[in-house]
Amino acid sequence: MSEVREKGAILKKASRVMALAGSEEKNAALAAIADALEADCGEITAANAVDMEIGKKNGMSQSIADRLLLTESRVSDIASAVRELIGLTDPVGEIMEEWTRPNGMTIRKVRVPMGVIGMIYEARPNVTVDAAAIAIKTGSAIMLRGSSSALNSNKALVAVMQKALKNTALPSDTVQLIEDKSHDCVREMQRLNEYLDLLIPRGGAGLIREVVDNSSVPVIETGTGNCHIYIDETADVKMAIDIVLNAKTQRPSVCNAAETLLINENWAKEHLTELVDALKAAGVEIHGCDKMLAVYPNMDAAGERDWSEEYLSLQIAAKIVSGVAEAIDHIDRYGTKHTETIISENPENAALFQRSVDAAVVNHNVTSRMTDGGMFGFGAEIGISTQKLHARGPMGLREICSYKYLVSGNGQIRR
């Protein structure tokens, strides 16, 4: 039996126990995991250092290296995110709706665990813990398949979580890591309907498209982030520059970082130099449209590919537009339905932008970096869904549950 099928069978069995676990039991398990992560931080960072060294030898890009890196501070942040989940309401068992039919039959729509969740993701070891913690809080089991570049880090993290779970009422088998580096195991997970109830890909466009196109297991698509910021004519100058810098430079390697800047032509006449100078001072390489090049002839020219590019680095595409309508049209053509932002003091333009733009999150005067489960008050997140069915945006506890109908009566029959 393959590793995928063997661990799938283990998880299916564990999921039946998890479905019956109470909130106190699940919270105690999360507390044990958070404590263990901090206690074993040295082992985790040592394993991560091995992955970082291998990546360096293999020419790993700076953006991937940033996502892969685990420091004592980052491990502490991961543990804190787990503890945040403890304080959140357990969604399992929540009565979403309840009504009684004329024949006396009572119907309750109740939130229930998903069952067994599969995660296929790239070099983000924090996802290993975030996904496992959310699965545990919602009474599900989880199969994790990270990238080979993070294998040592993920093995250490899962070992710590499994060891912590052994001292709780929950099965330690509820979290399983697929260690097989071959692509065959990914294909096998995509067809593992016997054991997996849901599959979530989290990573680059190629990974996500492959899983969406080839899976028979139901998939929630977590999209790439070609996130736009539109600076409207009335935008406050300091606010605009602060938001743009934060969205681009605070952590450029993540999916909610800004990749394209759209600037109202009237705002640009007065403030473009200040904005460009601020970006350059922050080390950002700008790929400008023809109108930008007319002012800055030495600026890199933006080609068609730049408008679709998810740079994940200190680069940004910039275009001067006539107004909010052209900005919306540009986003409609090139956006990935992740996070889009307008900076404006005009309530009508802000409302038009938020109503018209088709994205999971549409911001007004807020950095795109706020699209995050923690920032939304969800604790950790299992991913950011860019599709419209089942869940959209940061997926926290409720979004990763399913529901069923509980029907009660006193002998009703259909005639």
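Reader: Which residue of β10 does G288 stand opposite?

Author: Two strands pair if DSSP finds at least two bridges between them; strands are DSSP runs of E with at least two residues, helices are runs of H or I with at least four, and both are numbered from the N terminus. In this case G288 stands opposite A301 in β10, and β9 and β10, which run parallel, are joined by two bridges. This is a predicted model, in which local features need pLDDT of at least 70 and side-chain atom pairs count only at pLDDT 80 or more, whereas totals for chains, interfaces and linings use all residues. Residues are numbered from 1 along each chain as its sequence is written, and side-chain values use heavy atoms, with hydrogens and water left out.

Reader: In what order do the seven strands of the open sheet stand?

Author: The order is β10-β9-β11-β8-β7-β12-β13, with parallel pairing. Because β10 (300–301) and β13 each have a single partner strand, they stand at the edges, and one side of each is left without a neighbour in the sheet. Helix α11 (residues 265–281) packs on this sheet, where it touches β7, β8, β9 and β11; contact means heavy atoms within 4.5 Å.

Reader: How many residues of β11 are buried?

Author: A residue is buried under 20% relative accessible area, exposed over 50% and partly exposed in between, with a 1.4 Å probe and protein chains only. Strand β11 (residues 315–321) is mostly covered, since five of its seven residues are buried. Strand β8 (residues 258–264) pairs with β11 in the parallel sense over five bridges, and there I263 has I320 as its bridge partner. Strand β9 (residues 285–288) is joined to β11 by four bridges, again parallel, with G288 opposite A318.

Reader: At what angle do the axes of α5 and α6 cross?

Author: Axes are lines fitted to C-alpha atoms, for helices over the stretch in contact, and angles between N-to-C directions run from 0 to 180 degrees. The axes of α5 (residues 72–86) and α6 (residues 125–137) come within 10 Å and cross at roughly 15°. That makes α5 roughly parallel to α6, a term for angles under 35 degrees, while over 145 is roughly antiparallel, 65 to 115 roughly perpendicular and the rest oblique. Among the residues making the contact are I78 and L85 of α5 and V129 and I134 of α6.

Reader: Is N365 buried, partly exposed or exposed?

Author: N365 counts as partly exposed because its relative accessibility is 22%. This residue is found in the loop between β13 (361–364) and β14 (384–385).
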